[in-house]
2 protein chains.
Amino acid sequence: MAKQYKTAIQPTRSEDYPKWYQQVIKSADMAENSQVRGCMVIKPWGFAIWELIQKELDKQIKETGHDNIYCPLFIPQSLMEKEAEHVAGFAKECAVITHHKLEEDTNSDRKGALKPAGKLEEALIIRPTSEAIMGPLFSNWIQSYRDLPLKINQWANIVRWEMRTRLFLRTSEFLWQEGHTAHADKSEALAHSKNMLDTYVNFVQDYMAIPVIPGEKSENERFPGADHTYCIEAMMQDKKALQAGTSHFLGQNFAKAFNIKYLDKNTQEQLCWTTSWGVSTRLIGGLIMTHSDDDGLVLPPKIAPTQIIIIPIIQKEQDQDQILAYAKTISNKLSKLEYNNDKIKVKIDTRDTKTAGKGWHWVKKGVPIRLEIGMKEVEQESVFMGRRDKTNKERESVNLDDFITQAPEILSQIQNNLYNKALKFQEDNTHVINSKDEFINYFSEKNKNNAGFAKIFWAGDSKLEDEISKKYSISIRCIPFNSKKGKCIFTDKEGVEVIFARAY
Amino acid sequence: MAKQYKTAIQPTRSEDYPKWYQQVIKSADMAENSQVRGCMVIKPWGFAIWELIQKELDKQIKETGHDNIYCPLFIPQSLMEKEAEHVAGFAKECAVITHHKLEEDTNSDRKGALKPAGKLEEALIIRPTSEAIMGPLFSNWIQSYRDLPLKINQWANIVRWEMRTRLFLRTSEFLWQEGHTAHADKSEALAHSKNMLDTYVNFVQDYMAIPVIPGEKSENERFPGADHTYCIEAMMQDKKALQAGTSHFLGQNFAKAFNIKYLDKNTQEQLCWTTSWGVSTRLIGGLIMTHSDDDGLVLPPKIAPTQIIIIPIIQKEQDQDQILAYAKTISNKLSKLEYNNDKIKVKIDTRDTKTAGKGWHWVKKGVPIRLEIGMKEVEQESVFMGRRDKTNKERESVNLDDFITQAPEILSQIQNNLYNKALKFQEDNTHVINSKDEFINYFSEKNKNNAGFAKIFWAGDSKLEDEISKKYSISIRCIPFNSKKGKCIFTDKEGVEVIFARAY
């Protein structure tokens, strides 16, 4: 198909996917790298999306009986030392605080030079996750079975010292939500960790229009210190997997390390069973890579800071008042309507810029519906509508009253279209692989950009998984829930269906 | 007046104010100290109050044209070195990151011992405020006058290495909101810094029912790097002042340090004028100390996570169903009503605890209205109402329908009563002082617990202020806006009215 216009994003997805990703973020003005290695600045458009994610998820987390709290940013080194496996997983990539002031550096030639001073007796690390800080709290707060279940959530910033970073997907500092719960019964705790994964499935699919595969991680991919790690895996447009959220059944590991005990009804001391689960600003990376096209960001209406943008096209100065008044009328009518149990989010583009290209600004920002209005529309009482789930060429003139009536339904259609398109892509690029040779071919160098998700029967051990993972730069993304059973293509032993893929 | 019961909080305010403060927080289960020196854990009841503060302030900040963003937690040492005065103010009390991992400490006998490793080339500090990280961003983002004003806000955690800490009032890590703006005109920037102070005045008075005195800080008390610092000062029940919020006009100081420039309409390069302003979790400390009594926390309805608590009093097992059904009916009716443009926040106390003392739990948590219901109330179709702005002895039986009709109005009365009571206390304890002798007597050791705010005419210099401040452990809290003029009681020169007081 011949291109009618230069795409708004260069390079395109097919030309250079990683660069395309960066350009989408830049064109939509969502975030940028800061002067601090690996840390990003989340700009207004990106942060408004995060606020919408927070608002809905926070509501759902509260509705399931969790209270929000705030715990310290710092973890004393001694607390980190308590859970050996956890330490091994996180101590290698954390920010370590060793001093509590800066003072003048008299040995330096640099004007105003400073140096660290006031050495701390014990180093502190910045939370890479908060199990180690919540542990002692839970131990204090829980006395008897009456205090259980204890269900806590926190929205916080997290630091993991990453070597290779990418905006939203992997940054040294990121924002997230982390839930922590303690239970009297193993079965209750296990069920809770799965229920919270369900909450993520519903939110990510229903709000972000990202289809996901829920399942369990293999031992190799488990959270350090967990007995089971459950996850949701999404497929990006380069066919790589993105882990979009995790929920951990921590067994009694942290309860033992931090002495989290309760007195049961017979006043016998018992260890608790704990869970933790989280999603982060990484979700925004997944959102971008699931829906965006070569013209920029595409936002599902439920997660769009602006759902409908009205763009006045003023070609003659004398038309300005009439066009702006018309825009105001449309805005007033639309903002009284509801979509997804909330008022429709409509804005008028009042920027003082030239007419040409005004629409592209909002295409690149991914706004679901654009309404261009000039004198023609004022006279016809119509709007010139562009939908972000269609190409820019498919814009059409619609009678204003008709549009007002249909607006909530159109938003709903766009939301569904994006989900269905992404689901079809995921399904089209998921293949059942029946033999070792086929598997090797599927993930071979020459197929690098074609391979998607490979479903195979697997009964391999951790060592074999490691070997295969390294050789093909892939990993077991998850063992989907209720997986079928069958003969392992590597070991011929009875195994379960798992998904192998390259991943972010 | 003879006490009819032991107060819920021991010690009382008059016995030991600082300990009373701690006990109020403990009894209401709002927060606690963590294992990390100077850092607090904000528990569900305390955090729910912070969420209500955030929700309303965030709305007001957005309505005045600010966008939320998120900036990195870290400031490279070199950026801190740029604004000399700013450095002098903050470098002495910051958390310094020098390493990026922990590794096994083979020299230690401790099991699993770790030590910092991976030394950073440049130390990072944790933001004690974000001017130094916003500076380079503003410098990049602003090109022309069209980009101005730039109005940004962020909700974040902040670290200042405090030596003496107190829950909410002064903690090494705290939560806050910090606004940062850049303007083309000096007058616009100056006006904006005052407008944002007005936002704080309105919010703190209207929502938190804390009367405040807005004004300007003296040079000694100014924010490091600011040309003017505006503030709101509140009076606590021990008659000490609490700075509840500040807004800084930064002149061109940060614009010079960080090269924040724009091209004006004549394409001439100009320096910007910047402002910054913030309020923090300290507001919760002020809330506690303004309204609480010897029975615990007292919450203004607009900032109460639960505005009405329904407490079923079940004396016989067989009455349970009827009483709980009645509670549910009341709850349903109340939760349909509105107060302050929001649904009334009503809860039923469903805790499985003994009847006695159930009410006290909610007294101590400061819930504005308590409704106790037992069989008597079921039969009479009434509620036994306690109001947190009255004593526990003043509870009364009210016909249910009457209560439902009046509920929003009663909440409104409580909100006003708390504000008026606090205002009267502030006025009663603010004294105009006309001579140096009177001043010395007012702040003398023997009057330590009686002195409140002293209004005096002042024309002293920074040195004299310092001398007086140290001698009497007081400071100039502010020069109220539109202060009267008169002869300084220390220097006889023409001066303006200022407020001296002891302060948190």
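Start with helix 1 (residues 17-27) of chain B, where B:W20, B:Y21, B:Q23, B:V24, B:I25 and B:S27 are buried. Buried here means that 20 or more other C-beta atoms lie within 10 Å of a residue's own; 12 or fewer makes it exposed, anything in between partly exposed, and the C-beta atoms are placed from the backbone. Helices (H or I, at least four residues) and strands (E, at least two) are DSSP runs, numbered from the N terminus. The cover over those buried residues includes strand 1 (31-33), helix 8 (282-291) and helix 10 (358-364) of chain B. A contact, by the way, needs two C-beta atoms, placed from the backbone, within 7 Å.

A word on ground rules: this is a predicted model, in which local features need pLDDT of at least 70, side-chain atom pairs count only at pLDDT 80 or more, and totals for chains, interfaces and linings use all residues. Residues are numbered from 1 along each chain as its sequence is written, while chains are lettered from A and ligands numbered from 1 in the order in which they are written.

Now look at the ends of that helix. In the segment before helix 1 of chain B sits B:P11, and the peptide bond from B:Q10 to B:P11 is cis, with omega near -5 degrees. Chain A also has a cis bond, from A:Q10 to A:P11, with omega near -5 degrees. Just after helix 1 of chain B, B:D29 takes a positive phi of about 55 degrees. In chain A, A:D29 has a positive phi of about 55 degrees although it is not a glycine, and it lies in the loop between helix 1 and strand 1 (31-33) of chain A. A:D29 is partly exposed, with 16 other C-beta atoms within 10 Å. Another non-glycine with a positive phi, about 65 degrees, is B:F168, found in the loop between strand 7 (150-159) and strand 8 (173-183) of chain B. B:F168 counts as buried, with 26 C-beta neighbours inside 10 Å. For background, most residues other than glycine have a negative phi, and most peptide bonds are trans.

Next, how do the two chains meet? The contact takes 53 residues from chain B and 52 residues from chain A. Strand 5 (residues 96-104) of chain B gives the most to the side of chain B that touches chain A, with 7 residues. That side of chain B divides into 34 nonpolar, 9 polar and 10 charged residues. In that tally Ala, Val, Leu, Ile, Met, Phe, Trp, Tyr, Cys and Pro are nonpolar, Asp, Glu, Lys and Arg charged, and the others, Gly among them, polar. Because 98% of the interface residues of chain B are also interface residues in chain A, the copies meet through the same surface.

Follow B:I97 across to chain A and you find A:I97 standing opposite it. Strand 5 (residues 96-104) of chain A and strand 5 of chain B run antiparallel, joined by 3 bridges; pairing requires that DSSP finds at least two bridges between two strands. Within chain A, strand 5 pairs with strand 6 (residues 114-126) in the antiparallel sense over 7 bridges, and A:V96 has A:I125 as its bridge partner.

Finally, chain A is divided into domain 1 (17-74 + 128-291), domain 2 (301-413) and domain 3 (430-501), with bounds from an automatic or database domain assignment. The C-alpha centres of domain 2 and domain 3 of chain A lie 48 Å apart.
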